[in-house]
Amino acid sequence: MNIVIIGFASCGKSITATAICGLTDMRHVDLDRVVEERYGKRTGARLSVRQIFGEIGAGGFTALENDALKSLSEMRDSVLSTGGRTPMDAANRACLKSIGRIVYLRCGVDTVMERMNKKGTPLTMGSAPEDIKKEFEKRDPIYAALADITVDNEYLTPDKVAAEILKRISL
Ligand code: S3P
């Protein structure tokens, strides 16, 4: 069985996935890296997901993510960290459901904005606080509806959040 971690950009999906793998013998797969690899193989260009989004736009990026998710259909005993925008597409949502149990890693909008100040805002949304808030309000109910469980990631360390996920999710 696999665990799929969804949530807003900068909510801690990758670090939590790594922590789960540290507590189990599961393997971490990061969808952004799979997208980058597949784009690199196809074009010969080594670009980050943000650069790829800038190059091919929303439609192309969604198709690329969908293709990357399909390539993971045989994945077993793994923790998949997704991109923040991945669950916004219906075909992506169906793939995520078929891959494994879904965890919405939830942080409040103020926390993600604080973390984004360090890492930067994805090109998929404006960088003004009101743009980020609007995007958060759009995505939050979609993440919540898709998830099997929602786990708060405001205050606990990655190891504690990972342990809480493993306790609550039935693998
Ligand atoms: C995005 C988040 C990024 C990446 C892309 C779009 C978003 O992933 O998939 O730049 O719109 O939230 P992270 O959530 O890992 O930052």
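**Note on the ligand site**

1. Start with T124. One of its polar side-chain atoms lies 2.3 Å from an oxygen atom of the ligand. Keep in mind that this is a predicted model.

2. Two further residues make contacts of this kind. R139 places a polar side-chain atom 2.8 Å from a ligand oxygen atom. For D32, a polar side-chain atom lies 2.9 Å from an oxygen atom of the ligand. A polar contact here is a pair of N or O atoms within 3.5 Å.

3. How much of the ligand does the protein cover? On its own, the ligand has 390 Å² of accessible area, and the protein covers 95% of it.

4. Now the shell. There are 13 residues around the ligand. K13, D32, G84, T124 and R139 come nearest. By class, the shell holds six charged residues, four nonpolar and three polar.

5. Where does the ligand sit? The space it takes is the largest pocket. About 520 Å³ of space lies in that pocket.

6. The pocket has its own lining, made of 27 residues. Nearest the pocket centre lie A9, D32, R50, G84 and K119.

7. Which helix gives the most to the lining of the largest pocket? That is α3, with five residues. Helix α3 spans 49–70. At least two lining residues each come from α1 (13–23), α2 (31–43), α3 and α5 (109–119).

Conventions:
Residues are numbered from 1 along each chain as its sequence is written. This is a predicted model: local features need pLDDT of at least 70, side-chain atom pairs count only at pLDDT 80 or more; totals for chains, interfaces and linings use all residues. Side-chain values use heavy atoms; hydrogens and water are left out. A residue is near a molecule or strand if one of its heavy atoms lies within 4 Å of it. A polar contact is a pair of N or O atoms within 3.5 Å; within protein, one must be able to donate a hydrogen and the other to accept it, and residues adjacent in sequence count only if both atoms are side-chain atoms. Accessible areas come from the Shrake-Rupley method with a 1.4 Å probe; for residues, only the protein chains shown count as cover. On a 1 Å grid over the protein atoms alone, a cavity is a set of points where a 1.4 Å probe fits but cannot get out, and a pocket is an open set with protein on both sides within 12 Å along at least five of seven lines; lining residues have an atom within 4 Å of a point. A molecule sits in a cavity or pocket if more than half of its atoms lie within 2 Å of its grid points. Ala, Val, Leu, Ile, Met, Phe, Trp, Tyr, Cys and Pro count as nonpolar, Asp, Glu, Lys and Arg as charged, and the others, Gly among them, as polar. Grid points are joined across faces, edges and corners, and a volume is the space filled by probe spheres set on the points. Helices (H or I, at least four residues) and strands (E, at least two) are DSSP runs, numbered from the N terminus.
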